[in-house]
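Please look over the sequence and the structure shown here before reading on. The paragraphs that follow go from one chain, to a contact between chains, to the inside of another chain.

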Amino acid sequence: MSRSLRQNLGRLAFYLLLAVLLVYTIFPFYWAIVTSLKAGSEVFQPTPFPLRPAWNNYVVVFQEQPFGRQILNSLFVAVSVVLLSLALAVLAAFALGRIPFKGRRLLLFTILGVSMFPQIAVLSGMFELIRWMGLYNNLLSLVISYMIFTLPFTVWVLTTFMRELPKELEEAAIVDGASPFVIVTQVFLPLMGPALVTTGLLAFIAAWNEFLFALTFTLSSEQRTVPVAIGLISGASAFELPWANIMAASVIVTVPLILLVLVFQRRIVSGLTAGAVKG
Amino acid sequence: MAKGARTALLAGLSVIAASWAPGAFAQSLAISCGAVGMELRLCQEGAAAWSAQSGIPVDVVSTPNSTSERLALYQQLLASGSGDIDVFQIDVIWPGILGTHFLDLSDAFSADEIGAHFDAIVANNTIDGELKAIPWFTDAGVLYYRRDLLEAHGHDRPGSWEEMAAIAADIQAKERAAGNDRMQGFVFQGNAYEGLTCNALEWIDAWGGGQIIEPDGTTSVNNPRAVAAIAEAASWIGTISPRGVLSYQEEEARGVFQSGHAVFMRNWPYAWALGNAPESPISGKIGVMALPPGGEDGQATGVLGGWNLAVSRYSNQPEAAKDLVRFLASFEEQKRRAIVGAYNPTIAALYENQEVLEANPFFGDLYDTFTNAVARPSAVTGTRYNQVSTEFWNAVHRALSGQATAEAALADLERRLQRLARGWQ
Amino acid sequence: MAARANAGSALTRQRLKSAWLFLTPMLVVLALVAGWPLLRTISFSFTDAHLSNLDDSSFIGFENYVFLLQDPDWWRAVQNTIFFTVVSVSIETVLGLLIALALNAHFKGRGLLRAAVLIPWAIPTVVSAQMWRWMFNDVYGVINEIMLSTGLITEPWAWLADPQLSMAAVIAVDVWKTTPFMALLILAGLQMLPQDCYENAKIDGVHPVVVFFKVTLPLLKPAILVAVIFRTLDALRIFDLIYVMQGNKQDTMSMSIYARQQLVDFQDVGYGSAAATLLFMIIALFTVIYLYLGGIGREEKA
């Protein structure tokens with residue numbers, strides 16, 4: 001009796017803990033949605049739900065700036081970043097993961113070192129580079145500059161995946177006379193689906209959310225990405241922050257990301273397993 | 001999946017192709033002003049009117065709303081010698097910081113044209129004898145009060161900061177006793193940022209304690225009047241002002257005041273229209289006045305804010321850019337902006353203009369504040385201004401939060417500023 | 001083995017050649033986007049460059065570094081950053097472990113929890129930091145409202161103003177934002193644990209808590225260590241979250257914010273570059289220590 005009581009209490013405590021965690025993680029997003037539906041001075045009142053939902057805030061977001069275009073910009077940048085870094089990283093990972101050569105370890109750690117530099121420190125150098133390449137105020141500047149944080153990460157994770165793949169496959173291909181390029185593209189690539197999805201998704205989120213480079217390397221609102229567009233939303237006068245509009249815009253851009261994460265959640269977990277533990 | 005990716009890529013490529021279309025920027029001017037909303041709209045209309053006259057198209061570039069972010073972006077652009085933006089809208093504290101990148105405008109404008117603007121702003125924008133920017137619209141700190149509450153509790157408008165504190169304490173206590181337990185006496189911008197420099201300079205100026213660093217470059221901040229001013233402000237924290245005010249910027253202060261939770265608020269004129277908007281809980285209950293004097297023989301005050309127009313040294317069409325500036329800062333254009341958007345003109349004559357006064361009844365009352373506004377020491381400290389301001393607001397923040405006394409904080413500040421003074425002496 | 005190596009020496013050469021061929025595109029891109037900016041920053045750190053006169057800066061050796069090491073504000077930023085890193089990473093590890101254990105258990109609504117846990121991670125930091133700033137407001141913020149109405153506190157707390165509370169607020173938001181990442185990494189480790197250890201323990205009737213500390217935790221150590229490394233490196237660089245919530249306030253200033261203030265606000269390119277380089281070296285030092293302690297990358301030799 002006392003044992004089952006304790007078990008029940010334990011289960012209760014467990015669910016209570018889960019409930020607290022759930023509130024902690026979800027509440028801010030709920031609050032963002034609530035705020036995005038408030039009108040005028042109502043945002044300054046902590047009412048738990050909007051009394052008269054002001055859907056107009058969502059309309060205004062699209063009226064005040066080319067927000068649809070900016071979502072497309074973000075999409076283009078993030079997708080290009082993912083494709084480019086995966087393409088470069090798959091080739092590099094094959095070399096780093098499956099071909100022993102001198103200085104391989106040093107190379108891997110140098111690549112990791114690149115991602116340890118604070119973003120603000122490379123900003124001005126990157127800015128000169130972008131101008132020198134003539135890509136200022138062009139979305140390509142973002143695709144190129146984002147390589148600095150997506151490439152080390154994708155190379156690392158994919159290298160560990162490559163190392164996991166069975167040796168026999170490769171040996172059989174070599175016996176058949178396949179060149180290394182054929183081995184990568186015809187033999188290994190089809191096996192790497194989950195790894196590519198995981199690293200691609202993580203790179204996508206990183207590129208989608210980036211703010212500082214996007215702010216510095218683009219100028220006209222037609223070239224801006226979504227985080228910058230949200231960062232630049234302002235009210236009628238210099239100091240006013242139209243909070244409800246900002247929240248509406250944030251909800252608009254977060255929902256697709258959440259859906260994306262939900263669709264791929266299983267893959268994220270299995271992908272990170274291989275990537276992290278053998279890092 | 002693959003098909004979707006290819007479609008996205010193709011869509012993206014066409015986006016790039018569009019942005020590479022040659023000649024799009026070749027003959028046009030680019031001006032940075034505002035972000036979105038009324039400020040951007042007014043700027044676009046003004047630029048369009050000039051385009052119609054001159055035949056030169058103008059691109060209006062939106063920039064970050066946050067002043068420090070905008071400055072960082074400008075610095076990055078200008079340091080690289082970029083001619084992407086021809087005309088910059090700059091804060092009153094920037095002529096010293098960015099001045100080397102701007103053209104001298106004193107030859108392009110006649111003495112009459114320049115003389116029509118407030119002297120204080122023209123002086124502020126003149127660095128080493130060169131006029132770096134033309135005044136466009138001005139701003140000054142003002143004191144908002146709840147007219148209804150002051151009347152209900154039998155108080156007049158305060159004649160000094162000490163009186164303000166006494167009235168605030170009285171109304172706060174009575175309102176809280178009556179069940180309005182979140183009522184605050186006074187809210188201002190107390191976060192450790194440029195806004196605190198503005199607020200604290202106003203207190204010091206009200207007590208007659210100088211401008212932190214005087215125009216001749218001497219550090220004056222450690223004087224008995226300044227100490228008295230900061231000590232008085234420190235006494236408000238936790239009594240008439242909530243401790244949270246030490247994290248407030250403009251919008252947090254307005255949030256408290258506009259939701260009906262404060263008797264007094266120091267803010268910029270922008271809060272007037274928002275507070276009187278139809279759905280605002282305090283609509284029609286607000287009064288606005290100049291910031292009062294403090295101490296024995298102080299003076300009414302308000303710190304100089306506002307924005308100016310400067311022409312980039314790297315512009316490909318400097319003459320056209322100057323002409324755009326002349327048009328935007330003109331009497332007619334400033335009048336239009338004052339009537340439509342309540343932007344405070346920098347041309348003195350507009351404060352006697354009937355149409356302007358009809359649209360903005362309180363402009364007349366604030367005329368003195370605008371003409372006597374105290375400037376932050378940005379002209380004398382030049383590129384070091386941000387360091388000076390940072391040291392200043394950190395010292396004041398320490399005093400307000402009780403980590404140091406006003407005496408100790410200002411004495412320490414004086415030492416730090418004198419070490420920095422190498423930069424401008 | 002030896003015979004094969006002999007026969008395959010031509011093959012080995014071919015593979016080595018293609019290794020470098022495959023590496024080249026990646027290395028070229030990295031050298032372009034990282035090499036130049038990094039070298040530039042490091043070389044600026046030995047000059048007195050100011051943003052208004054980048055062209056005529058002069059070499060001053062280690063002077064910037066000497067100044068930096070003498071600046072109490074820098075040390076305060078170092079202290080803040082390390083405090084922030086230690087506390088937030090510790091909490092994130094414990095919470096992440098809890099969530100991972102919960103997600104690993106079979107119960108109703110697991111899918112919902114897994115989805116919910118990922119939400120904070122998907123919201124752009126610029127937005128979520130502002131959102132929290134709004135919720136933390138002492139007068140109209142929802143957090144004080146809830147705590148007041150439930151009687152947890154008797155008068156509003158000044159979350160963002162009080163020196164101690166403001167650090168706590170920043171840590172709370174960071175924990176909210178990055179625990180999902182931690183939980184996922186640990187969950188990945190949990191799912192790889194051999195099941196037979198548990199079966200044996202269950203049969204022996206060992207208490208679950210004992211099983212956790214005696215069996216699960218030691219087996220999980222490598223996974224947790226990797227997660228802690230990734231998070232620590234990130235936490236030492238913390239910038240946008242604190243910057244959006246607290247600005248340049250000294251109570252919460254991190255090393256990255258210090259470097260940004262010097263580089264951007266003060267236009268002191270030389271000095272700011274020195275701060276950024278030193279920050280980079282501190283992070284590299286931490287990485288080396290961790291990698292050494294965790295024995296990670298050692299199997300490279302095999």
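How many helices and how many strands does chain C have? This is a predicted model, and in it chain C has 13 helices and zero strands. Followed along the sequence, the pattern of chain C is accordingly α-α-α-α-α-α-α-α-α-α-α-α-α. Of the 302 residues in chain C, 48% are buried. When the contacts in chain C between residues at least 6 apart in sequence are taken together, 69% of them join residues at least 24 apart.

From chain C one can turn to its contact with chain A, to which chain C gives 72 residues and chain A gives 63 residues. On the side of chain C that touches chain A, helix α2 of chain C, which covers residues 9–44, gives the most, with 17 residues. Sorted by class, the residues on this side of chain C comprise 53 nonpolar, eleven polar and eight charged.

Chain B can be read through its domains. Domain 1 of chain B is made of 28–132 + 305–366, while domain 2 of chain B is made of 142–303 + 377–423. The centres of these two domains of chain B, taken over C-alpha atoms, are 28 Å apart. To the contact between them, domain 1 of chain B brings twelve residues and domain 2 of chain B brings 16 residues. On the domain 1 side of this contact in chain B, the largest share, three residues, comes from helix α4 of chain B, residues 95–98. That side of domain 1 of chain B has seven nonpolar and five polar residues, and no charged residues.

Helix α18 of chain B (residues 385–400) and helix α19 of chain B (residues 406–420) pack with their axes 9 Å apart and at an angle of about 165°. Because angles over 145 degrees count as roughly antiparallel, α18(B) is roughly antiparallel to α19(B). The crossing in which α18(B) passes α19(B) is right-handed. Among the residues of α18(B) that take part in the contact are Val388(B), Phe392(B) and Ala395(B), as well as Glu391(B) and Arg398(B), and the residues that they and others meet in α19(B) include Leu410(B), Leu413(B), Leu417(B), Asp412(B) and Arg416(B). By class, the residues of the contact of α18(B) with α19(B) are ten nonpolar, one polar and four charged.

Technical notes. Residues are numbered from 1 along each chain as its sequence is written. Chains are lettered from A and ligands numbered from 1 in the order in which they are written. This is a predicted model: local features need pLDDT of at least 70, side-chain atom pairs count only at pLDDT 80 or more; totals for chains, interfaces and linings use all residues. Axes are lines fitted to C-alpha atoms, for helices over the stretch in contact, and angles run from 0 to 180 degrees between N-to-C directions. Helices (H or I, at least four residues) and strands (E, at least two) are DSSP runs, numbered from the N terminus. Angles under 35 degrees count as roughly parallel, over 145 as roughly antiparallel, 65 to 115 as roughly perpendicular and the rest as oblique. A crossing is left-handed if the near helix is turned anticlockwise from the far one by less than a right angle, and right-handed if clockwise. Two residues are in contact if their C-beta atoms, placed from the backbone, lie within 7 Å. Ala, Val, Leu, Ile, Met, Phe, Trp, Tyr, Cys and Pro count as nonpolar, Asp, Glu, Lys and Arg as charged, and the others, Gly among them, as polar. Domain bounds come from an automatic or database domain assignment. A residue is buried if 20 or more other C-beta atoms lie within 10 Å of its own, exposed if 12 or fewer, and partly exposed in between; C-beta atoms are placed from the backbone.
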